[in-house]
Structure formats: C-alpha cells, structure tokens
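Student: Could you take me through a close look at the sheet in this model, strand by strand, and then at the side-chain contacts that go with the strands? I would like the cut-offs behind each term as you use them.

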Amino acid sequence: MSDAVQPSHATRVRELFEADVIAAGLGLELVAVGAGSVRLRFTVDERHVGWHGRCHGGVLFTAADVAMSYVSNRGEAQAFATHASIEFLGGVGLGDVVDIEGGETARRGRTAVLDAMLSVDGKIVAGLDRK
C-alpha cells in the first residue's frame with residue numbers, strides 16, 4: 001500500500017466526521033487523515049469528567065473507537081469491530097488536550113486489525129486495540 005492518501009479516503013473520512021453526532025457531542029476535532037490513519041483531538045471539559053474529577057475511561061474508549069471507525073470505513077466497504085480493548089496507562093484531567101492517533105495495522109477483506117494511541121503532552125495515556 002502506498003503512503004499517499006487517496007483523495008477519496010480523505011473525503012470519506014471528512015464526510016463520516018461531519019455526520020457523526022457522537023464526535024460532535026464529545027467535542028472531537030478532526031486533525032489529520034493519512035494513508036490508513038486518522039488523528040483526532042479534544043480538550044477535556046466538564047462533560048468528560050466523572051465524580052472523581054478525572055476524564056472518564058468510557059469517554060477515552062469512545063473517542064478512540066470513533067477514530068478507529070473512520071479508519072475502518074474510509075473506503076467503499078463498510079466494516080465494524082468484533083472486538084475492542086483498552087489499556088489505561090495514566091490519568092487525564094480537566095483541561096488536558098487528548099490527541100488520538102489511530103491506524104490500521106493489517107487488513108484482509110472486511111477484517112482489519114487497528115490500534116489507537118491516546119496521548120497528553122506527548123505522553124501515552126491509553127491504547128486501544130480493535131479487530
């Protein structure tokens with residue numbers, strides 16, 4: 001596969017993002033579309049934190065899953081996950097900017113292996129594995 005982004009893939013990801021009410025509700029920003037990758041970002045605010053004042057893990061999982069949905073559905077064929085798991089490596093607080101870098105590591109037909117790394121100030125705080 002070429003490292004160049006196919007124009008149709010970038011356009012498709014932008015269309016998915018613009019129609020995504022979950023992404024809008026979380027305040028996600030589409031930062032970049034690469035060849036088999038997507039980068040999103042959001043700033044943690046009051047809607048993202050739990051009773052403990054930290055970003056809820058479910059918000060991080062959902063944001064990473066949104067990124068992965070764009071990667072897996074950037075082409076003509078629609079795909080969905082049959083498995084996803086996340087490892088939390090650190091906490092995320094109010095006001096933190098979370099960067100999400102998601103990409104495809106392997107694909108065979110409609111089956112793909114994807115991963116996403118979530119970071120704050122360049123430090124990885126969680127990783128999502130999706131199949």
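Tutor: What follows goes through the sheet, its hairpins and its salt bridges, and ends with a helix and a ring pair. The model is a predicted one, in which local features need pLDDT of at least 70 and side-chain atom pairs count only at pLDDT 80 or more, while totals for chains, interfaces and linings use all residues. Residues are numbered from 1 along each chain as its sequence is written, and side-chain values use heavy atoms, with hydrogens and water left out.

The sheet is open and has six strands in the order β1-β2-β4-β5-β6-β3, with antiparallel pairing; strands are DSSP runs of E with at least two residues, numbered from the N terminus, and two of them pair if DSSP finds at least two bridges between them. At the edges lie β1 (29-34) and β3 (84-88), each of which pairs on one side only. Neighbouring strands of this sheet are turned by 20 degrees against each other on average, direction ignored, where the axes are lines fitted to C-alpha atoms and angles run from 0 to 180 degrees between N-to-C directions.

Strand β4 (residues 97-108) is joined to β5 (residues 111-120) by 10 bridges, the two running antiparallel, and within this pairing Gly-103 has Asp-115 of β5 as its bridge partner. These two strands form a hairpin with two residues between them, and Gly-109 in the turn has a positive phi of about 65 degrees. On to β6: seven bridges join β5 to β6, again antiparallel, and here Asp-115 stands opposite Asp-129. The hairpin of β5 and β6 also has two residues between the strands, and Asp-121 takes a positive phi near 50 degrees in it.

Turning to charged side chains, the structure holds three salt bridges, a salt bridge being a side-chain nitrogen of Lys or Arg within 4 Å of a carboxyl oxygen of Asp or Glu. In one of them, Arg-39 meets Glu-101 with the closest N and O atoms 3.4 Å apart; because Arg-39 lies in β2 (residues 37-43) and Glu-101 in β4, this pair ties together parts that are 62 residues apart in sequence. Another joins Arg-41 to Asp-99, the closest N and O atoms being 2.7 Å apart, and this pair likewise links β2 to β4, across 58 residues. Arg-47 and Asp-45 form a salt bridge too, with the closest N and O atoms 3.0 Å apart. As for accessibility, buried means under 20% relative accessible area, exposed over 50% and partly exposed in between (1.4 Å probe, protein chains only); Arg-39 at 31% counts as partly exposed, as does Glu-101 at 38%, and Arg-41 is partly exposed with 26%.

The rings of Phe-17 and Tyr-70 have their centres 6.3 Å apart and their planes at 80 degrees, so the pair is edge-to-face (rings of Phe, Tyr and Trp, the last by its six-membered ring, pair if their centres lie within 6.5 Å, with planes under 30 degrees apart counted as stacked, over 60 as edge-to-face and the rest as tilted). Phe-17 lies in helix α1 (residues 7-19) and Tyr-70 in helix α3, so the pair ties together parts that are 53 residues apart in sequence; helices are DSSP runs of H or I with at least four residues. Both Phe-17 and Tyr-70 are buried.
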